[in-house]
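Subject: Handing over a structure

Hello,

Here is the structure I promised to pass on to you. Please open it first, and then read my notes below alongside it.

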Amino acid sequence: MEQAWGYLRSQKYNNQFEANWELIMYPDQVMVGRAVTAQYMPARPDLVEQIKQQGLKEKRSTQGGTNTWPIDVLVPGDVYVADSYGKIIDGTLIGDMLGNTIYTNSKNGVIFWGAVRDMDGLSQIKGFNVWAKGQDPSYIMEMTLTTINAPIRIGRATVLPGDAVLANKYGTIFIPSHLVEDLVISSEFTMLRDAFGAQRLREKKYLSGQIDSKWTDDIKNDFINWLKNLSGDELPMSREELDAYLKNRDFY
């Protein structure tokens with residue numbers, strides 16, 4: 001999470017992380033996927049009617065509430081990300097029935113700036129996970145869906161449809177799709193650099209201040225030689241990807 005956060009900050013994406021989750025159903029599980037976004041707002045009759053009419057034009061299901069519409073568009077690899085303005089009581093976007101449908105369609109879980117219900121049933125869906133502001137036995141009332149796959153706010157993060165999602169027990173981060181490949185390589189390289197630093201500190205070859213500050217040319221050359229001696233199985237990326245990364249960056 002820190003590697004992704006640091007990379008995004010270096011690219012001036014400063015509003016992509018949110019950690020204030022009251023409910024994570026399985027904290028020790030990591031979830032990744034592609035964001036399908038939805039926004040909900042407090043209901044008002046004229047808006048609700050307009051949205052229903054728009055749904056008819058788009059041939060969306062009119063059985064049940066509009067909270068099923070984002071679920072209908074999910075495909076494998078998607079993560080359903082919804083802003084329901086933090087409403088808990090009467091603000092539960094899904095229960096176990098819709099949770100089963102979400103997992104059937106996406107093979108993934110949900111991130112809700114709002115609430116869920118039927119926690120016992122949701123917890124029995126193998127592979128499904130929830131990040132939410134809370135849970136409540138009530139069902140959804142006086143809310144309406146306003147957008148599908150438009151920009152939304154999740155706490156202090158701005159989320160666009162198609163963002164890559166990384167969620168774990170420390171929070172959720174939303175990565176612009178055009179940055180994903182470079183972020184992965186950068187993070188994998190950081191892991192290698194940290195492994196080298198830790199090894200050299202254990203060997204007492206350098207002081208911690210030397211590793212934690214700008215590296216000297218001697219340390220850089222030592223690191224390059226260390227990388228060359230790693231086998232292909234020890235590298236998280238291909239040798240060609242590593243060489244290209246080193247060519248274009250001053251790593252310390």
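A quick definition to begin with: a residue is called buried at under 20% relative accessible area, exposed at over 50%, and partly exposed in between, using a 1.4 Å probe and the protein chains only. Arg-117, for instance, has 23% relative accessibility and therefore counts as partly exposed.

Two notes on how to read everything here. This is a predicted model, in which local features need pLDDT of at least 70 and side-chain atom pairs count only at pLDDT 80 or more, while totals for chains, interfaces and linings use all residues. Residues are numbered from 1 along each chain as its sequence is written, and side-chain values use heavy atoms, with hydrogens and water left out.

The chain as a whole

The protein chain has 9 helices and 11 strands. These are DSSP runs numbered from the N terminus, with helices being H or I of at least four residues and strands being E of at least two. Along the principal axes, the C-alpha atoms fill a box of roughly 70 × 35 × 30 Å. Of the 252 residues in the chain, 45% are buried.

Contacts are counted when heavy atoms lie within 4.5 Å. Among contacts between residues at least 6 apart in sequence, 75% join residues at least 24 apart. The accessible surface comes to about 13500 Å², and carbon and sulfur atoms account for 51% of that; the areas come from the Shrake-Rupley method with a 1.4 Å probe, and for residues only the protein chains shown count as cover.

Two residues and their neighbours

Val-81 and Ile-111 are 30 residues apart in sequence, yet their C-alpha atoms are 4.7 Å apart in space. Leaving aside residues up to four places away in sequence, Val-81 touches Ala-35, Val-36, Thr-37, Ala-38, Ile-111, Ile-152, Ile-154, Val-165 and Phe-174.

Then have a look at Gln-135, which is found in strand β6 (residues 130–135). With a relative accessible area of 43%, Gln-135 is partly exposed. Its C-alpha atom is separated by 7.5 Å from that of Leu-23, 112 residues away along the chain. Residues up to four places away in sequence again aside, Gln-135 touches Leu-23, Ile-88, Ala-115, Val-116 and Met-119.

Charges

The chain carries 27 positive and 32 negative side chains, and the centres of the two sets lie 3 Å apart. Lys and Arg count as positive, Asp and Glu as negative, and His and the chain ends are not counted. Each charge is placed at NZ of Lys, CZ of Arg, CG of Asp or CD of Glu.

How many salt bridges does the structure hold? There are 8, where a salt bridge is a side-chain nitrogen of Lys or Arg within 4 Å of a carboxyl oxygen of Asp or Glu. One of them joins the side chains of Arg-34 and Asp-78, at 2.7 Å from N to O. This pair links distant parts of the chain, with Arg-34 in strand β3 (residues 31–42) and Asp-78 in strand β4 (residues 78–83), 44 residues apart. Arg-34 is partly exposed at 37% relative accessibility, whereas Asp-78 is buried at 3%.

Another salt bridge is formed by Asp-118 and Arg-117, at 3.5 Å from N to O. Arg-200 and Glu-203 also meet in one, at 2.9 Å from N to O, and a network of salt bridges links Arg-200, Glu-203, Lys-205 and Asp-222.

On the surface, Glu-181, Glu-240, Glu-241 and Asp-243 gather in a patch of negative charge. Such patches are made of residues with over 30% relative accessible area and no salt bridge, with like charges joined within 9 Å and nonpolar side chains (Val, Leu, Ile, Met, Phe, Trp, Tyr) within 5 Å. Helix α9 (residues 239–248) gives the most to this patch, with 3 residues. Glu-240 is in that helix and counts as exposed, at 58% relative accessibility.

Two backbone angles

Most residues other than glycine have a negative phi. Asp-90, in the loop between β4 and α4 (96–106), has a positive phi near 60 degrees. Asn-149 has a positive phi too, of about 55 degrees, and lies in the loop between β7 (143–148) and β8 (152–154).

Enjoy looking around!

Best wishes
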